[in-house]
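Please keep the structure open while reading.

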Amino acid sequence: MPALPLPPQHPDRAVLHNEVHARPPEALSAPLALTHIVMQADAAGREASRAHLAALLRDHHLAPPDAHCVHLRVDLGAWRLRWELHTEFVTWTFTVALEDGEWDERNPPPSALQCLPQAWVAGLPGQALTAMHLWVLPARSVPEGGLVRHLLREENLVASTVADGYGEVYTDFCIHADGYSRMVLLTGSLTPRRLGRLVLRLLEIETYRMAAMLGLPAARAAGRELALADNELAALAEAIRSASRNDEPELLDRLTRLAGKVESQYAATHSRFSASRAYFELLDTRIQDIAESRLAGLQTIREFMDRRLSPARATCEWAARRQDALSQRVSRISNLLRTRVEIEQQQSSQALLAAMNRRQGLQLKLQSTVEGLSGAAITYYIVGLVSYLAKGAQGLGWPLAPETTAALAIPVVALSVWWSLRRLHHRMFSATPH
C-alpha cells in the first residue's frame, strides 16, 4: 500500500500515544515464585540502578539498557527480571517458574530470591522500601489451609477471592524474619494475560501502600512543629491586642519570622503530602481492580486498608490542611498588624503635615512683616537720595527746599515700592507650578 501524506505531527505525539502501552503486564502461568523489591532512590540512585542493571546484563552477555530506558523485561534463563524506573523509586521484580507438584508445610515452595545472585541483590542501589515474596500456585496443588498458615501469620491473616472468584489471595502484611513480607495467590482457570495483570496489581498494592506511607513521618514531625507555631501565633495575637505603639516593630519582626518558618515547612513537606495523596488514590484504584470479595471469617484487603491505613491517611491530610490554615491565619494577623501600623503612620503623617502648615503660616506672616519693613527701608533710602538730589539741584535753580522735596517724594516713592513688590509677588506665584 503506497504511503499516504500526513499533516504536520505534534513533536510528542508518539510518546503520548505509546504511554498507554507503557509498563504492560506480562503473561504468566502458575506455579511461580516472585520476589518484588522497591528501592527508594534519588536521581543519582536511579542512575546507579541503571548501571547496576547494565552490569547484570553484561554478565549474561546481553546489551545494557540505553540512557532513556525506564522499563525493561529480560529472560535470564533460570529467572526473569522486570525493572522499572519511577520518579521516587526503582522496582525490581524477579520471577522463577516452579515445577508442578503439591506444596504444603513440609514441602514449601522456594522463593525467587534463592535463585538469584546474592551478592548482586545485596548491592542494589538505594534503600529498600518494599521487599516481598509472592507465590502464585494452582489451587489444586495446595492442601487447604496448611501451606498458607505455614507461610503467613495466622493472627494477622488477610484474604479474599479475587478476579471475580477465579483466585484467592492471602497475606499478613508483616515483615518476617528474613526481612521480606509474603503473599500467596491461589489461582483457578485464569488466562495467562489476566493472571499477569492480577499479579502486577497485587505487587502495585504493596508498592503504593508503602510509598503512600512515606508521608506519615513528615506529617508527625510537621504536627509537632505546627503545634509550637500555633501556640506562638496565639501568644502574638494576644500581644498585638494589648501592644503599644513602641511594641509594634518587635511584634512585626516576630510575626514575620513565624511566617517564614511556617512557609519554609510548607515548602519542605508540600510535595511529600501531595505525593502521598496521589499514592493513596493509586492504591484505592489497584484494590478496586483486583475485584475482590470476602472469604468467610477473614478481612478483605480493602477492609484491612480502610481500617489500618485510614489513620495514617487522615494524619497526612490533616497535616496538609493544618499547614494551609496556619499559613492563612499568620497572613491575616500580619495584615492586621500592618494595617494598624499603617494607620498610625498615617496619623503621624497628618499631625506632621498640620505642624508644617502652622509653621508655614507663621513663616508667611513673618515674611509679610519683613517685606513691610523692607519696603519702609527702601522708601527711606530712595527719599534720602531724592533729598540729596534736591540739595544739588538748588544750585541749578530748583525752587523747592530739599526737605520739602523729600516730603513730597515720600508718598510717590512708597507707592512705587509697594506696587513693585506686589508685581514681583504676582510674577513669582504665576511662575510657580501648582
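## Backbone geometry

Histidine 61 is exposed, because its relative accessible area is 74%. Buried means under 20%, exposed over 50%, and partly exposed in between, with a 1.4 Å probe and protein chains only. Histidine 61 sits in the loop between α2 (43–59) and β2 (71–75). Its phi is near 60 degrees, a positive value in a residue other than glycine. Helices (H or I, at least four residues) and strands (E, at least two) are DSSP runs, numbered from the N terminus.

Aspartate 164 also has phi near 60 degrees. It lies in the loop between β6 (158–162) and β7 (167–171). The peptide bond from alanine 30 to proline 31 is cis, with omega near 5 degrees.

## Basis of the model

The model is predicted: local features need pLDDT of at least 70, side-chain atom pairs count only at pLDDT 80 or more, and totals for chains, interfaces and linings use all residues. Residues are numbered from 1 along each chain as its sequence is written, and side-chain values use heavy atoms, without hydrogens or water.

## Surface helix residue

Methionine 356 belongs to helix α8 (residues 301–394). It counts as partly exposed because its relative accessibility is 41%. Leu352, Leu353 and Met356 make a nonpolar surface patch of about 290 Å². Patch residues have over 30% relative accessible area and no salt bridge; like charges are joined within 9 Å, nonpolar side chains (Val, Leu, Ile, Met, Phe, Trp, Tyr) within 5 Å. Areas come from the Shrake-Rupley method with a 1.4 Å probe; for residues, only the protein chains shown count as cover. A salt bridge is a side-chain nitrogen of Lys or Arg within 4 Å of a carboxyl oxygen of Asp or Glu.
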